[in-house]
Amino acid sequence: MTSEADRPAASHPNYVLIWGILVSALLVSLFLGYMDLPVVAMVLIFTIAIVKAWLVIAYYMHLKYEPFFVVAIVATGLACLYFLFIGLVPDIVFAPSKGGAP
Amino acid sequence: MESSRAPASASGFREATEVPTGRLGLWWFLASETVIFGGLITSYVLLRWRHPEWSSEASHTLNAAGGFNTLVLLSSSLTVVLAHEAVAHGDLPRAARHLGVTLLGGLVFLCVKAFEYSHEIAEGFTPLTSLFWSYYYGMTGLHALHVIGGMIAIAAVALGVRRGRDAQRVEYVGLYWHFVDVVWIFLFPLLYLAS
Amino acid sequence: MSSWLPEAASSYAGDLDRLLTLITIIVGVWFLLAEAVLIGFVVRYRRRPGRRAAYLPATSLRSMSFVLAPCALILGFDLVIDALSAPVWEKVKLELPPHDELVRIQGEAWQWRITYPGADGRLDTADDVQTLNELHVPLEKTILFELTARDVLHSLWIPELRLKQDAVPGRSIRGWFRATREGEYAVVCAEICGIAHTFMAGKLRVESEAEYRQWLQSRAPASAPAQG
Amino acid sequence: MANAHAHEPGLLRRYVFSTDHKTIAKQYLFTGIFMGIVGGLLAYVIRVHLATNGQPVPGFGAVGPQQYNSVVTMHGTIMIFWVAMPILLAALGNFLIPLMIGARDMAFPRLNMLSYWIFFLSTVILLVSFFVPGGAAAGGWTSYPPLAVSPQYSGETWGVALWLLAVALEFAAFLMGGINFITTAINLRAPGMRLFDMPLMVWMQLSASVIFLFSVGPLIAGAILLLLDRVVGTGFYDPARGGDPVLFQHLFWFFGHPEVYVILLPGLGAIAEILPVFARKPIFGYRMIVYATLITGVLSFLVWAHHQFVAGIDPRLATPFSVTTILISVPIAVMLFAFIATLYQGSISLETPMLWALGMLVVFLLGGVTGIHLGSAASDIYLHDTYFVVAHFHYTLIPPVVFSFFAAFYYWYPKMFGRRLNEVLGHLHFWPTLVFFNLTFLPMFVLGFAGHHRRIANPQFFEALRDPTLVRMQWLATVGAVGMLVAQIPFLVNLVWSAWRGAPAGENPWRANTLEWTTPSPPPHGNFAGPPVVYRGPYEYSVPGRSEDWWPQTLAPERGAGA
């Protein structure tokens with residue numbers, strides 16, 4: 001059984017506190033969902049989603065306390081998705097022209 | 001020529017880095033899952049950008065149910081990390097109980113999902129209605145399958161922990177469950193709030 | 001090498017053939033050089049009793065330059081090829097010069113449906129002329145084509161004109177060509193499109209302006225509106 | 001040599017459901033070789049059909065146009081997913097990684113066993129799809145929608161659904177295998193073996209597994225959507241309902257191009273292991289090759305759209321992808337020139353493994369250089385989807401899959417089976433294969449320049465392709481293909497004959513330095529008695545001041561002697 005000795009002491013953030021932050025972030029984004037400020041709400045909602053994801057990944061999954069190459073694994077995955085997204089935007093979103101016979 | 005630093009893990013293998021082999025393998029598995037869900041979400045976001053008219057269809061998704069499901073998954077993330085903490089303190093029975101609560105959370109999530117599907121199908125939105133609904137059912141369906149897979153894994157590990165065996169697996173199944181929660185954290189705004 | 005290419009029959013065929021020849025020469029020289037060095041070393045350094053191999057692990061940058069220098073040269077040639085290729089691509093695929101004739105080509109499961117605007121010069125009007133697998137164009141005129149597909153992917157491929165463009169259902173892709181040599185050329189489908197993909201073959205007829213007008217006239221629909 | 005396991009596992013446990021990485025490697029090896037024969041027979045059918053202008057193929061019968069598409073599709077699918085990846089990645093990787101880094105077995109032995117049996121299931125499903133009504137998939141090995149999801153045009157009924165299921169299972173198997181390879185290479189290295197002491201074969205297998213893992217995800221998502229389109233009837237790629245067929249092309253080739261490097265890198269890894277041993281000389285620039293591999297890995301994610309220059313994507317996308325595609329030739333050139341430089345002032349002996357390795361380099365160079373023709377967007381306008389492309393990708397895929405694999409097979413066969421392969425049969429296998437391979441695919445460059453488009457069942461239907469030179473080229477290619485198949489017979493004979501009658505191999509027949517040569521042949525379960533301690537890199541050959549021209553990694557440096 002791997003002992004916790006190899007984990008730095010500060011690896012026990014207050015989980016319930018973080019849970020509280022996550023739930024309040026959820027409530028804020030839900031509330032934003034019902035407001036009809038399309039662009040502002042969207043930017044805020046997705047920022048909150050990223051913050052929530054970071055909280056879970058860093059503290060619940062202890063990625064903050066892992067050596068660099070474990071963080072690099074996740075980062076490489078996201079980088080690949082970023083390349084894919086960038087490469088596809090001009091072609092899928094702004095398709096040259098959507099005319100032509102059905 | 002440094003001598004071996006990390007203790008040999010349970011299976012008698014010597015670890016060349018300080019990350020236990022099980023956890024390292026699991027992070028690689030989560031990376032492969034990230035690019036699978038990532039590919040699906042990227043396609044959805046691209047088409048969502050191309051078809052602004054989908055936001056009217058997206059308004060038929062039940063924000064309240066989605067929100068509640070997010071709360072359920074966040075809470076089950078909490079209980080699974082408490083189970084991991086219990087294992088760290090050597091209290092296996094408590095860890096098994098936390099895993100039980102996590103399972104309960106998964107079950108509630110699936111029930112709310114089933115209710116949502118039936119409600120939407122009753123209103124006439126099936127996977128074949130339009131491309132938005134195909135993506136909605138495709139993405140939430142694949143996520144639900146991963147929730148079910150996770151619950152089976154948690155149940156198996158909980159049984160083992162109750163008999164005091166393989167307690168390090170609590171951490172691994174916890175990491176997987178957090179991943180399922182993180183995917184939902186992104187699915188929720190994409191499918192429910194973006195309307 | 002250029003003897004294998006079919007005769008050039010379009011304005012940009014010359015650019016493309018020059019590019020193909022140039023790439024083949026640059027790449028061919030590097031290929032022969034590398035093969036010569038490889039086979040030379042194998043023959044020169046065959047094992048002989050009493051002669052030991054040298055210890056050359058090439059850990060220093062200076063010794064690595066034995067390989068890195070030629071690769072820097074290759075990088076240079078790569079950039080040259082990029083610089084040669086980009087303008088040809090822009091000329092063929094990006095620029096749309098002002099056109100003399102317009103035609104819509106639609107790939108369907110195993111035939112090309114070609115629609116000419118007819119006398120009024122506009123498509124989707126009553127006087128459109130529609131043919132199957134028969135593309136007529138006047139000589140030395142810039143033809144703008146709108147390429148689309150009805151069902152599956154097809155690819156408009158006329159070797160003599162050096163013209164290839166995939167037809168994608170749901171997209172209307174515009175391209176151009178200017179035929180510079182009279183004659184009849186095959187119009188084939190280069191993208192696998194099902195059972196009779198191999199039988200999908202149209203005919204391009206490049207003729208003088210007069211013959212083209214006369215042919216267009218003969219095919220004009222008497223009164224029946226152009227269907228679909 | 002105390003065996004780690006007290007109990008002796010039963011026959012079933014030891015050979016069928018074994019968790020020993022060496023047995024799993026052999027299972028993948030023989031499945032791969034069997035599928036190689038199936039793929040080779042499909043190639044025979046294609047070539048004879050084309051050369052005889054549609055006459056019934058002896059041993060197969062008449063080939064209709066739909067059948068031809070299906071045979072071409074399955075030839076491509078089998079050769080890439082069911083031959084190249086199992087034998088190069090799974091067989092060599094499974095056998096060599098634990099042995100070369102001094103580990104007892106893979107990190108997750110049970111997961112490794114599960115990966116083979118899921119792969120076996122995918123093989124069965126794929127072979128069954130030949131016999132379902134409507135025949136196997138017929139939309140090209142890339143199975144682009146809408147053709148893949150419209151049976152009325154492709155002519156198959158269950159073929160594509162089974163094909164997608166088989167490929168999805170195969171991806172799952174190689175994801176499990178990949179996770180095993182990566183975790184083992186990172187975490188289970190012997191004491192004293194730093195990352196830069198690992199043999200290049202392990203580096204290549206590690207990079208190939210990482211590239212595969214990160215590139216396959218979006219295609220798995222795309223394939224799930226394609227399966228839903230085909231079975232449920234959704235419209236993910238149907239333009240009428242807002243979908244886009246080009247989206248699948250992007251998702252496919254985002255995986256497709258890294259995939260060809262997943263196949264190439266283990267091939268280059270085998271070459272990197274064999275050249276130093278038979279030239280008795282350290283590999284030229286070990287770290288340079290490692291960095292070139294990593295750069296190739298990263299660049300391979302930035303080049304995919306060169307498969308789609310004329311496929312209807314936005315023309316402005318072509319120039320950046322053309323630049324990155326041509327740029328990727330630089331790190332590959334660094335590796336190839338490093339291999340050539342390894343021979344400089346070497347003491348080269350031309351046994352069979354070395355013959356195959358040099359053959360791979362000679363042939364792959366032509367494959368590499370013809371990539372520039374297709375990488376530059378403008379020349380790709382003319383050459384795309386012609387026989388030039390067919391010739392190019394056979395010149396870049398057959399060297400790793402056939403030449404590198406046979407080099408590795410002849411080199412490690414003594415370690416795997418404890419007996420040496422026959423040298424005469426080896427030479428008898430190499431030279432005809434090299435000659436007939438070139439005879440098959442050189443004419444295709446000519447066909448490509450003539451504009452002969454690919455995947456058509458009867459070229460003689462087209463007036464331009466009835467040109468006598470082109471017909472002769474098709475005929476030459478067929479003679480080459482049949483010759484190449486016949487040239488494999490000495491190999492099969494050698495494989496079987498040496499298993500019982502080959503000379504006993506001993507621990508280190510080639511006098512090589514890497515760790516696998518310090519174990520008995522074949523290595524027992526658990527490989528090493530205790531974890532071997534590593535003192536130096538794997539390529540210390542002809543070290544000045546040493547009497548012997550090799551220096552095993554595990555040999556402790558003698559105090560006082562010129563260490």
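Tutor: In chain C, strand S6 (residues 154-158) and strand S7(C) run antiparallel and are paired over five bridges. This is a predicted model, so please read everything here as computed from that prediction. To find your place in the pair, look for C:Leu156, which stands opposite C:Gln165 of S7(C). The hairpin that joins the strands has four residues between them, and C:Arg162 there has a positive phi near 55°.

Now stay with S7(C), which covers residues 163-167. In a regular strand, side chains alternate between the two faces of the sheet. On one side of S7(C) you will find C:Leu163, C:Gln165 and C:Ala167, and on the other C:Lys164 and C:Asp166; all of them are buried. Because five of its five residues are buried, S7(C) is largely enclosed by the rest of the structure.

Next, a helix of chain C. Helix H2 (residues 61-94) has 34 residues, and a straight helix of that length would span 50 Å at 1.5 Å a residue, yet H2(C) spans only 43 Å between its end C-alpha atoms. H2(C) has a kink of about 45° at C:Val67, shortly before the proline C:Pro70. C:Val67 is also one of the buried residues of H2(C), a list including C:Cys71, C:Asp78 and C:Trp89. Those buried residues pack against helix H1 (13-44) of chain C, and also against several helices of chain D, among them H9 (286-299), H11 and H12 (352-375).

That brings us to the contact between the two chains. Chain D puts 84 residues into it and chain C 75 residues. On the chain D side, helix H11 (residues 329-343) has the largest share, nine residues. The side of chain D that touches chain C consists of 53 nonpolar, 24 polar and seven charged residues.

Chain D also has a place in the largest nonpolar core. This core has 357 residues, and D:Ile271, D:Leu361 and D:Ala407 touch the most other members. Helix H3 (residues 65-101) of chain D contributes the most to the core, with 24 residues.

Methods:
Residues numbered from 1 in each chain as written. Chains lettered and ligands numbered in written order. Predicted model: local features only at pLDDT ≥ 70, side-chain atom pairs only at ≥ 80, totals over all residues. Contact = placed C-beta atoms within 7 Å. Helix = DSSP H or I, 4+ residues; strand = E, 2+ residues; numbered from the N terminus. Nonpolar A, V, L, I, M, F, W, Y, C, P; charged D, E, K, R; others polar. Core = buried A, V, L, I, M, F, W, Y, C linked by C-beta atoms within 7 Å. Buried ≥ 20, exposed ≤ 12 C-beta atoms within 10 Å, placed from the backbone. Expected span 1.5 Å × (residues − 1). Bend = angle between axes of the 7 residues up to and from the residue. Pairing = 2+ DSSP bridges.
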